[in-house]
Amino acid sequence: MNTRLSNMFTEEELKDIEGLKRGSDFIEVKCGCTSRKYGDTIGKLRVFTNGQFLISCECTPSCEEEKLTPYDFEKHSGKEGTRKWKNHIWVIMKNKKVPLWRTVLLKYYKHASNGANELTSTLAKRLFHRDEFVRCSRCKKERRFRLRTDEDCRRYHDAAKARKWKCANWPYDKITCKVDEERASRKSCRGCPRSPSCKGCTTCVCFGCFKCRFLDCKCRTCVDFVQNAEP
């Protein structure tokens, strides 16, 4: 097995997964998603060494969808209900359908690595950024920033990298350091659509996209993202 892959997956972990193939920088397994209306949609899931997940659909001989994200494959299959691809997409293990969340494959899923691919997918249009906090350099109180729009993301980005950001610079209302900061119980709610008290998940934590990284910014975070993002 490729050295980088073997560092994450052992032969024992993969032996029961049907359709296993190994490439120079990926492993491939048979996968599927079941719709009550259309039945099973079969595909081939490739897990790359950089953590990217891509699925080649085989629903019909004429299907040309070869690089679907898990989210888009779930939608392409016609699966009804909420989008929970980790529960709905399965692999075959010992002749049984096993959802991805119950396999070792997901521990290799890296949100940041999939982000560049998802920028052109439906998921990119609904990419969510949770609320963040910036600490005042004077009173040390934390103030909430809501990252819902491009403008919101830029406001937070500029505030977070400012060395001497103060409460008076908060963009929503005019406040001073005398204003109390949010209670701890309130600060734990950061807007995740999956769970109000979420401490951080792939639904609400973004490690870089063109909504929260900026072409005209020269900070190291933005420069690295722009240089490594796929065109």
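Reply: Start with Lys-94 and Asp-16, whose side chains meet in a salt bridge at 3.9 Å, N to O. A salt bridge here is a side-chain nitrogen of Lys or Arg within 4 Å of a carboxyl oxygen of Asp or Glu. Lys-94 sits in the loop between β5 (89-93) and β6 (96-99), and Asp-16 in the loop between α2 (11-14) and β1 (21-22), so the pair ties together parts 78 residues apart in sequence. Helices (H or I, at least four residues) and strands (E, at least two) are DSSP runs, numbered from the N terminus.

This is a predicted model: local features need pLDDT of at least 70, side-chain atom pairs count only at pLDDT 80 or more, and totals for chains, interfaces and linings use all residues. Residues are numbered from 1 along each chain as its sequence is written, and side-chain values use heavy atoms, with hydrogens and water left out.

Lys-94 is exposed, with a relative accessible area of 62%. Asp-16 is partly exposed at 28%. The cut-offs: buried is under 20% relative accessible area, exposed over 50%, partly exposed in between (1.4 Å probe, protein chains only).

Next comes Asp-40 with Lys-97. Their side chains meet in a salt bridge at 2.7 Å, N to O. Asp-40 lies in strand β3 (residues 39-48) and Lys-97 in strand β6, so this pair ties together parts 57 residues apart in sequence. Asp-40 is partly exposed, at 38% relative accessibility. Lys-97 is partly exposed too, with 45%.

A further pair lies within one helix. The side chains of Asp-158 and Arg-154 meet in a salt bridge at 3.1 Å, N to O. The two are 4 residues apart in helix α7 (residues 150-161), separated by about one helical turn. Asp-158 is partly exposed at 32%, and Arg-154 is partly exposed at 24%.

Salt bridges also link Asp-131, Arg-144, Arg-148 and Glu-182 in a network. The structure holds 20 salt bridges.

Now the loop between α8 (184-187) and α9 (220-228), which holds Thr-203. Thr-203 is partly exposed, at 33% relative accessibility. Leaving aside neighbours within four places in sequence, Thr-203 is in contact (heavy atoms within 4.5 Å) with Phe-128, Pro-193 and Arg-194. From Thr-203 to His-129 is 74 residues in sequence and 8.3 Å in space, C-alpha to C-alpha.

Leu-215 is in the loop between α8 and α9. Leu-215 is exposed, at 65% relative accessibility.
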